[in-house]
Amino acid sequence: MTQISEQALQAAVREYRDPYLEKDLYDLGAVKSLVADETGKVTLMVELPYPSKGIAGGLKQLVTNALENVDGVEVAEVHVGQKIHAYKVQKDLPSVPGVKNIIAVASGKGGVGKSTTAVNLALALQAEGARVGVLDADIYGPSIGMMLGVPEGKRPGVREEKYFLPMEAHGLQTMSMAFVTTDKTPMVWRGPMVSGAVMQLLQQTLWDELDYLIVDMPPGTGDIQLTLAQKVPVTGAVIVTTPQDIALLDGKRGIEMFRKVEIPVLGVVENMSVHICSNCGHEEHLFGDGGGERIADEYETTLLGQLPLHMTIREQTDGGKPTVVAVPDSEVALRYRDIARRVGAELSTRERNLSGAISSVSVKTR
């Protein structure tokens with residue numbers, strides 16, 4: 001049998017470049033083992049640092065083909081997994097028990113589809129293999145429960161009379177002020193009360209070993225938003241905008257706010273990028289063209305993706321079954337999953353939080 005060259009095997013593995021991080025598997029530190037036995041069988045173990053279930057099959061096939069072209073290799077087995085780490089937060093704030101990373105989804109103004117994006121991003125991260133939760137921090141207009149199909153009036157469980165058990169919807173762990181109040185409760189609160197309520201929901205919920213907690217921030221860049229950005233231990237922020245000039249101006253304010261409190265902006269999502277007619281499929285840029293790309297370039301961040309303005313997205317979300325779970329193989333759902341991989345990949349380039357394991361709060365059962 002021909003002696004298999006280890007150098008040739010490594011060169012074959014290096015032929016694959018990660019499409020999101022633009023590095024080969026060795027440079028990513030993703031190769032955990034590469035073993036060739038006396039029968040000509042090669043086994044490669046790969047562990048990517050971000051949610052990547054959607055590309056695992058392609059990676060496996062491409063690298064398998066490359067390895068089987070090496071002299072002496074009879075068969076190659078490639079195993080692809082992923083491991084998501086905890087990354088540093090602003091000013092080394094204490095982490096939330098049970099949560100590795102908190103991602104804030106924000107917008108400089110309302111009406112740009114921030115909550116819809118937050119929900120579908122969470123579901124897309126989950127579809128890519130991560131454990132995910134959603135915190136609805138929009139106290140004045142909590143809508144996450146409705147978007148996820150949580151029955152009206154359903155209340156979270158309570159442990160030891162002070163901890164909430166997150167509600168589960170489509171596999172996500174979720175918490176919202178709407179779960180502990182009624183739709184007729186007037187939220188006539190000043191800023192400190194709002195931020196205090198959000199922190200209570202965040203810290204007194206028993207999150208169960210989440211890779212990512214998506215926080216749907218209140219729209220705007222005022223005192224409430226700034227206070228939350230200073231108090232919530234955020235590992236990165238995603239800015240949602242539309243292409244129109246006024247939304248872009250507000251999106252810039254959002255980026256500036258997060259930079260002020262030293263939270264990295266992972267990128268920009270351009271929502272309502274193009275209108276797709278539900279009758280004929282005609283595409284038209286109702287709100288302008290290329291705005292998200294311009295703001296990303298100006299602030300040297302990433303354009304994470306562009307999403308269309310389509311009636312079905314609104315209908316699915318209003319019906320409690322967002323696009324990613326309603327039609328998982330649709331073009332829009334695949335765009336959300338691509339955005340999720342980009343968010344995870346971008347976050348994986350940040351400095352890790354090595355302050356210790358982020359464990360869930362231990363409580364007594366009754």
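This is a predicted model: local features need pLDDT of at least 70, side-chain atom pairs count only at pLDDT 80 or more; totals for chains, interfaces and linings use all residues.
1. Gln 225 is found in helix α6, which covers residues 223-231. With a relative accessibility of 8%, Gln 225 counts as buried, because buried means under 20%. Setting aside residues up to four places away in sequence, Gln 225 touches Met 217, Pro 218, Pro 219, Gly 220 and Met 257.

2. Now a step back to the whole chain. The protein chain has 11 helices and 15 strands. Of its 366 residues, 52% are buried. If you take the contacts between residues at least 6 apart in sequence, 77% of them join residues at least 24 apart.

3. Leaving aside neighbours within four places in sequence, Ile 102 is in contact with Val 96, Leu 202, Leu 213, Val 215, Val 232, Pro 233, Val 234, Thr 235 and Gly 236.

4. Helix α11 (residues 331-347) packs with α3 at an angle of about 75 degrees, and their axes are 8 Å apart. The two helices are therefore roughly perpendicular to each other. On the α3 side the contact is made by Thr 116, Thr 117, Asn 120, Leu 121, Ala 124, Leu 125 and Ala 127. On the α11 side it is made by Tyr 336, Arg 337, Ile 339, Ala 340 and Val 343.

5. Have a look at the open sheet of 3 strands, with the order β1-β2-β3 and mixed pairing. β1 (31-36) and β3 (75-82) stand at the edges with a single partner strand each, so one side of each has no neighbour in the sheet. From one strand to the next, the twist averages 10 degrees. β1 pairs with strand β2 (residues 41-48) in the antiparallel sense over 5 bridges, and Val 35 has Thr 43 in β2 as its bridge partner.

6. Two helices pack on this sheet. Helix α1 (residues 6-14) touches β1 and β2, and its direction makes about 135 degrees with that of β1. Helix α2 (residues 53-68) touches β2 and β3, and its direction makes about 155 degrees with that of β3.

7. Finally, strand β12 (residues 265-270) deserves a visit. Since 6 of its 6 residues are buried, β12 is largely enclosed by the rest of the structure. Strand β11 (residues 236-241) runs parallel to β12 and is joined to it by 5 bridges, with Ile 239 standing opposite Val 268 of β12. β12 also pairs with strand β15 (residues 303-306), in the parallel sense over 3 bridges. There, the bridge partner of Val 268 is Leu 303.

Conventions. Residues are numbered from 1 along each chain as its sequence is written. Side-chain values use heavy atoms; hydrogens and water are left out. Contact means heavy atoms within 4.5 Å. Helices (H or I, at least four residues) and strands (E, at least two) are DSSP runs, numbered from the N terminus. Buried means under 20% relative accessible area, exposed over 50%, partly exposed in between (1.4 Å probe, protein chains only). Two strands pair if DSSP finds at least two bridges between them. Axes are lines fitted to C-alpha atoms, for helices over the stretch in contact, and angles run from 0 to 180 degrees between N-to-C directions. Angles under 35 degrees count as roughly parallel, over 145 as roughly antiparallel, 65 to 115 as roughly perpendicular and the rest as oblique.
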